[in-house]
Each structure stands twice: as C-alpha cells, then as structure tokens.
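Work through the exercises below with the structure open. Each task is followed by a worked solution.

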Amino acid sequence: MFDLATINNDTQKLSSFDYLNNFINPARILMGENPVRNNDFIKRVQAECDDLGVMRRFRMTTTQGAPREVMGYELNKDQLMIVGMRESKAVRKAVLEKLKLAFKPKEQAPAIPQSFSEALLLAAKQAEQIERDAPKVAFAEKVREAKNGISIGMFAKAIGIGRNQLFSHLRLMGVLIGHGKEYNNPYQRYINSGYFEVQQSTYEYQGQTVVANTTLVTGKGEIWLTKQLKKAALIQ
C-alpha cells in the first residue's frame with residue numbers, strides 16, 4: 001500500500017517512481033488503460049524534461065514483501081506537469097487534478113485567542129461544528145462497528161467505481177494478492193488489521209468437495225478503503 005507524498009510548494013520534488021505508481025498508473029487503470037512499466041516511464045521522462053540531474057536509486061517493496069531498488073529521477077512541479085500532459089485526455093485530467101491537490105499549500109494553524117471574549121466565541125463556534133458533525137460521526141462509528149461485512153463487488157457499487165477497476169487498483173496498492181492460489185485475497189496484515197474477513201465455504205464439483213474463499217470488507221475496512229481511494233483520487 002502507498003501513501004501519497006504531499007508537495008507543499010514549487011521547490012519540493014517527487015520521485016518519478018512515486019509519480020508513476022501513485023499518480024499515473026492508478027489513473028490509467030481507472031480509465032481502462034494498461035499501466036506503464038518503470039523503464040518505459042523513465043524514457044518518457046528523459047524525452048520530455050530538461051535539467052533532470054543524475055539518475056537515482058529508489059527503494060521499494062514488492063507486493064510479495066521483497067525489497068528491491070529501481071532507477072528514477074526527482075521531478076519538480078513543472079516536470080511533473082510536462083510528463084503528465086503526455087497521457088490521454090481522460091488520464092491527463094485525473095493526474096492534473098491530483099497534482100493540484102498535492103501542491104495545495106498547507107493550511108495555517110488556527111489563531112490563538114488573544115482575549116477572554118475571543119476564547120468564548122471560538123468555543124461557541126466549535127460547539128456548533130460538533131453539533132453539525134454529530135450525525136456524520138455517529139454514522140461512521142456505526143459503519144466501523146458493523147459486524148456483517150460486504151463483498152468487494154458490493155463495496156465497489158456503493159462507492160461508484162467498477163468492480164474490476166477496484167480489484168485491479170487494490171492489487172496495485174498491495175492490498176490484494178496478485179498471483180497464485182490466493183489471487184485477489186487480501187494480504188494477512190490487512191485481515192489482522194480488521195479491514196477484511198475471509199469466509200470459507202464448500203461445494204461439490206464433479207464428485208469432489210471444493211473449498212471456496214469469500215472476501216468481505218468489514219465496517220472498519222469500508223472507512224479505511226474509502227480514505228485510501230480518496231487519497232488516490234479514484235473517488236470524490
């Protein structure tokens with residue numbers, strides 16, 4: 001799983017590897033396009049950008065949990081924009097919207113009240129906000145504590161994303177296993193975190209008993225997955 005890097009000003013940079021895996025490929029998968037390999041992406045970066053500096057090594061962890069190194073560049077805001085413009089219209093729009101969020105300045109810390117009257121006014125405003133948010137908080141807690149999970153397909157339908165797109169993105173994030181007999185099952189650490197449940201059932205096929213696994217998203221998992229998909233700009 002990845003967490004998006006937040007770029008707070010024009011002087012900060014993002015690695016081409018993070019840009020590819022956190023911005024470009026998720027948008028391509030969402031739009032039904034094939035993801036780009038890192039080697040091909042590096043060639044694109046080299047063709048489009050000037051003043052790249054020296055190529056660097058970046059450490060990553062594969063979906064199987066193995067460490068490895070990949071080559072790439074540190075890209076500034078202008079270079080990220082230039083490379084993003086190479087994508088199709090639909091992908092480009094999703095990537096640029098995500099970049100705008102990444103480059104959004106940090107919000108300033110709230111001002112400390114300078115007088116007793118200002119403190120009372122602030123307390124009153126906070127009380128009003130808590131009262132307005134109470135129904136949302138209560139609903140979120142009910143979802144979090146729900147014991148009956150839902151299928152990933154039902155969750156995809158609820159959040160307005162295609163079932164296959166969601167499965168593909170969860171494999172890319174390293175949440176679901178992308179190979180072997182455990183294909184599309186969640187990694188054990190996400191089950192241990194309480195985000196998923198795997199229910200086993202049996203059925204008869206050609207005279208043999210077959211064991212089937214069904215992955216369910218828990219209430220806690222719904223909230224966690226929604227946050228991750230919002231970070232990836234796959235849902236609003």
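**Exercise 1.** Which residue forms a salt bridge with Arg56, and how many Å apart are the closest N and O atoms?

Solution. The model is a predicted one.
Step 1: the partner of Arg56 is Glu74, with the closest N and O atoms 2.6 Å apart.
Step 2: the pair links distant parts of the chain, 18 residues apart, with Arg56 in strand β2 (residues 56-61) and Glu74 in strand β4 (residues 74-75).
Step 3: Arg56 has a relative accessible area of 40% and is partly exposed; Glu74, at 24%, is also partly exposed.

**Exercise 2.** Locate the two side chains of the salt bridge between Arg44 and Glu87, and decide for each whether it is buried or exposed.

Solution.
Step 1: the N to O distance in the salt bridge of Arg44 and Glu87 is 2.4 Å.
Step 2: Arg44 lies in helix α2 (residues 38-48), while Glu87 is in the loop between α3 (77-84) and α4 (89-102); the two are 43 residues apart.
Step 3: buried means under 20% relative accessible area. Arg44 has 16%, so Arg44 counts as buried. Glu87 has 4%, so Glu87 is buried as well.

**Exercise 3.** Which residues are linked with Arg44 and Glu87 in a network of salt bridges?

Solution.
Step 1: the network also includes Arg28 and Glu33.
Step 2: Glu33 and Arg28 form a salt bridge, their closest N and O atoms being 3.7 Å apart.
Step 3: Arg28 is buried at 14% relative accessible area, whereas Glu33 is partly exposed at 24%.
Step 4: for the whole structure, the search finds 6 salt bridges.

Note on methods: Residues numbered from 1 in each chain as written. Predicted model: local features only at pLDDT ≥ 70, side-chain atom pairs only at ≥ 80, totals over all residues. Heavy atoms only, no water. Salt bridge = Lys/Arg side-chain N within 4 Å of Asp/Glu carboxyl O. Buried < 20%, exposed > 50% of the residue type's maximum accessible area, 1.4 Å probe, protein only. Helix = DSSP H or I, 4+ residues; strand = E, 2+ residues; numbered from the N terminus.
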